[in-house]
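Open the model in your viewer and keep the selection tool ready. The tour goes stop by stop.

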Amino acid sequence: GLLRVDHVGIAVADLDAAMAFYAETFGLRCVHEETNEEQGVREAMLAVGDGTGPRLQLLAPARPDSAIAKFLDRSGPGLQQLAYTVADVEAASAALRARGLRLLYDTPRRGTAGSRINFVHPKDAGGVLVELVEPAGVRTPKG
Ligand code: MC0
C-alpha cells in the first residue's frame with residue numbers, strides 16, 4: 001500500500017531560477033540535486049520545515065523531447081505529479097494494475113536518489129500523474 005506522500009513534483013522551465021525563487025520566497029532549501037538522463041530531467045528536492053515530511057521536487061527538462069518539456073509546452077509550469085512512498089514498487093504496481101489502472105512501465109525504472117519508480121497514467125487517476133517511489137535501500141537483497 002501507500003505509506004505516505006513522498007514528494008510533489010512541479011515542472012519548471014529553468015531549475016536554477018526556480019531554486020532561487022523557492023529559496024528567496026519560501027525559504028525552502030535544496031537537499032538533493034541530480035540529472036536523470038533516462039527521464040530527461042534535471043531535478044532538485046527541497047525540504048519543507050524540519051525536513052521529515054514530504055518534499056517539493058522541481059523538475060526541469062534536460063531534453064526537448066522529454067516528458068517535462070512536453071508538459072511545459074502543453075500546460076506551462078505548475079504541478080506535474082504526486083508521488084507516494086511504497087515499500088515494494090512491483091507489489092504496489094501489481095495491485096493497481098489488478099484494479100484496472102494503466103502503469104506506465106512494465107518494470108520499475110530508476111528515480112531520484114537510486115529509488116525505483118513507476119507511474120499511474122493520469123487518465124486512470126482522476127487527472128493526476130501518480131508516481132510510486134520505493135526508496136533506495138528498503139529492499140532486502142535476495143540470494
Ligand atoms: C499529461 N497529461 C497529464 C499529465 N501529463 N495530466 C495530468 N498530469 C500530467 N503530468 C494528460 C494530457 O493533458 C492529456 O490529456 C493526456 O494526459 C495525454 O496522455 P498521453 O498522450 O498518453 O501522454 P503524454 O505524451 O502527454 O505523456 C503523459 C505521460 C508522460 C504521463 C504518459 O508525461 C510520462 O510518461 N510521464 C512519466 C514520466 C515523467 O513524468 N517523468 C518526469 C518526471 P488530454 O485530456 O489533453 O488528452 S521524472 C521523476 O519524477 C523522477 C526523477 C522521480 O521523481 O524520481
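Is Phe-119 buried or exposed? Phe-119 counts as buried, because its relative accessibility is 7%. Buried means under 20% relative accessible area, exposed over 50%, and partly exposed in between, with a 1.4 Å probe and protein chains only.

Before going on, note that this is a predicted model, in which local features need pLDDT of at least 70, side-chain atom pairs count only at pLDDT 80 or more, and totals for chains, interfaces and linings use all residues. Residues are numbered from 1 along each chain as its sequence is written, and side-chain values use heavy atoms, with hydrogens and water left out.

**Stop 1: around Phe-119**

Stay on Phe-119, which sits in strand S7. Helices (H or I, at least four residues) and strands (E, at least two) are DSSP runs, numbered from the N terminus. Now show the contacts, meaning heavy atoms within 4.5 Å. Leaving out residues up to four places away in sequence, Phe-119 touches Gln-39, Gln-81, Arg-102, Leu-103, Leu-104, Tyr-105, Leu-129, Val-130 and Glu-131. Draw a C-alpha to C-alpha distance from Phe-119 to Val-130: it reads 5.5 Å, for 11 residues in sequence.

**Stop 2: the largest pocket**

Select Ala-67, Phe-71, Gln-80, Pro-122 and Leu-129. Of the 32 residues lining the largest pocket, these are the closest to its centre. The space here is about 760 Å³.

The terms need spelling out. On a 1 Å grid over the protein atoms alone, a pocket is an open set of points where a 1.4 Å probe fits, with protein on both sides within 12 Å along at least five of seven lines; lining residues have an atom within 4 Å of a point. Grid points are joined across faces, edges and corners, and the volume is the space filled by probe spheres set on the points.

Next, colour by element. Those giving two or more residues to this lining are S3 (41-47), S4 (55-61), H2 (67-75), S5 (78-86), S6 (109-110) and S7 (116-120). H2 gives the most, five residues. By type, the lining holds 15 nonpolar, nine polar and eight charged residues. Here Ala, Val, Leu, Ile, Met, Phe, Trp, Tyr, Cys and Pro count as nonpolar, Asp, Glu, Lys and Arg as charged, and the others, Gly among them, as polar.

**Stop 3: the second largest pocket**

Select Asp-6, Met-45, Arg-55, Thr-85 and Pro-135. They lie nearest the centre of the second largest pocket, which 18 residues line. About 280 Å³ of space is found there. S1 (residues 2-11) supplies the largest share of the lining, four residues.

**Stop 4: Leu-56**

Select Leu-56, in strand S4. Its relative accessible area is 14%, so Leu-56 is buried. Beyond its neighbours within four places in sequence, Leu-56 contacts Val-8, Ile-10, Tyr-22, Leu-28, Ala-44, Met-45 and Leu-46.

**Stop 5: helix H1**

Select H1 (15-26). Which of its residues are buried? Leu-15, Ala-18, Met-19 and Tyr-22 are. They share one side of H1, because they cover an arc of only 100° around the axis, taken from the directions from the helix axis to the C-beta atoms. The buried residues pack against S1, S2 (29-36), S3 and S4.

**Stop 6: Ala-13**

Finish in the loop between S1 and H1, at Ala-13. Ala-13 counts as exposed, because its relative accessibility is 62%. Residues up to four places away in sequence aside, Ala-13 touches Ala-60, Pro-61 and Leu-72.
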